[in-house]
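Student: Please take one part of this model and examine it closely, covering its surroundings and its contacts.

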Amino acid sequence: MTPTEACIALNMLPTVGPVRLRKLLEVFKNPERVLAAKRGELRGIEGIGNEVAEQISNWESTVDLVAELERVREFGATVITQDSPSYPKSLREIHAPPIVLYVWGELTDRDHHAIGIIGARRTTHYGTESAKKLAYQIAYAGLTVISGLARGIDTAAHQGALAAKGRTIAVIGSGLSKLYPPENQALAEKIRNGNGAIVSEFSMEVEPDRQTFPMRNRIISGWSHGILVVEAGLNSGALITASQAIEQNRSVYAVPGQINAPSAMGSNRLIQQGAKLVMDASDILDDLQILLPETKPSPEAAARPLPELTTDERRVYDAIDSTETPIDQIATTSDLPSAVVSSALLRLELKRLVKQLPGKYFVKLG
């Protein structure tokens, strides 16, 4: 039995969990020895009572490991442990890191740098569009967008990241073969096919329920550098995730909403309590010190050739004068629709070629 297979078996035992396993590994050093331990040895460890000791010593009567490994193989998934290089570094630091992660798709080094985007399942058009826009910007800037594949804000966040041809991870509250909600199957397949992965800590056939979703949420917050709440009511599960993020010493961001909109009362309250107000991805990127443009380029920057630009990006860039240029003038000079100009300006900002000033004025950075 390999260490990964032993971890899969331990993860399938309902009474073990990551905190107890940590104590067991302090004594037995590796997961294979935990499964082979005698009942008396197990009972002598702090926090391991009779029930847990009995379940571990008789694990083969509870867990069909061979069948689970076959389900993983047939599904085309992989399973990683905390010792795997692709296991998120930040996730190892939380109080109860998952024993294993089932991965459908591929994790890359880039996924160690991520922002979680969460919010209500029942959302408004404003919330959906805000989530798509911010996810697009964050993914375009090179960060991975993490969300939960749920209806509403989660779905919009994944869609925005995909539109930017960026990376996105969906952490679900069920086994991979019980993907929920079922209408997001096509979205999950699109994420899996080269743009990220669907991830779960639950064995393949675990059904979603009220307990699995809060467990899933601690992974989203623990994996991320920070959590962005786009739209959430006062009783939204997104607020629980935000609380977990604070406990995990992660940053919390929120998008402001209408003061009389029930769907925004929770996210507005977060801002009152100290969450950073976000209107643009640069609010997050600046906070993380990832995107720090200067208003005056250095001689070295001015001498550098421009990165590859699309036709629209080039026309918009060329339409910006050497001084502050209003967006209306840019649209007139470039002879492009305002929506195309706005999109191109956003991409140029993320490429650190232009900077937006108050009043919708733009200047070149290099």
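Tutor: Leaving aside neighbours within four places in sequence, Gln137 is in contact with Asp280, Ala281, Leu346 and Leu350, where contact means heavy atoms within 4.5 Å. This is a predicted model in which local features need pLDDT of at least 70 and side-chain atom pairs count only at pLDDT 80 or more, while totals for chains, interfaces and linings use all residues. Residues are numbered from 1 along each chain as its sequence is written, and side-chain values use heavy atoms, with hydrogens and water left out.

Gln137 belongs to helix α9, residues 125-140 (helices are DSSP runs of H or I, at least four residues, numbered from the N terminus). Its relative accessible area is 1%, so Gln137 is buried (under 20%, with a 1.4 Å probe and protein chains only). A polar atom of the Gln137 side chain lies 2.8 Å from the backbone nitrogen of Ala281.

Helix α9 also packs against helix α19, residues 338-350, at an angle of about 35 degrees, with the axes 10 Å apart (axes are lines fitted to C-alpha atoms over the stretch in contact, and angles run from 0 to 180 degrees between N-to-C directions). Tyr136, Gln137 and Tyr140 of α9 meet Leu346, Arg347 and Leu350 of α19 in this contact. By class, its residues are 4 nonpolar, 1 polar and 1 charged (Ala, Val, Leu, Ile, Met, Phe, Trp, Tyr, Cys and Pro count as nonpolar, Asp, Glu, Lys and Arg as charged, and the others, Gly among them, as polar).

Notes:
Helix = DSSP H or I, 4+ residues; strand = E, 2+ residues; numbered from the N terminus. Buried < 20%, exposed > 50% of the residue type's maximum accessible area, 1.4 Å probe, protein only. Polar contact = N/O pair within 3.5 Å; in protein donor to acceptor, adjacent residues only side chain to side chain.
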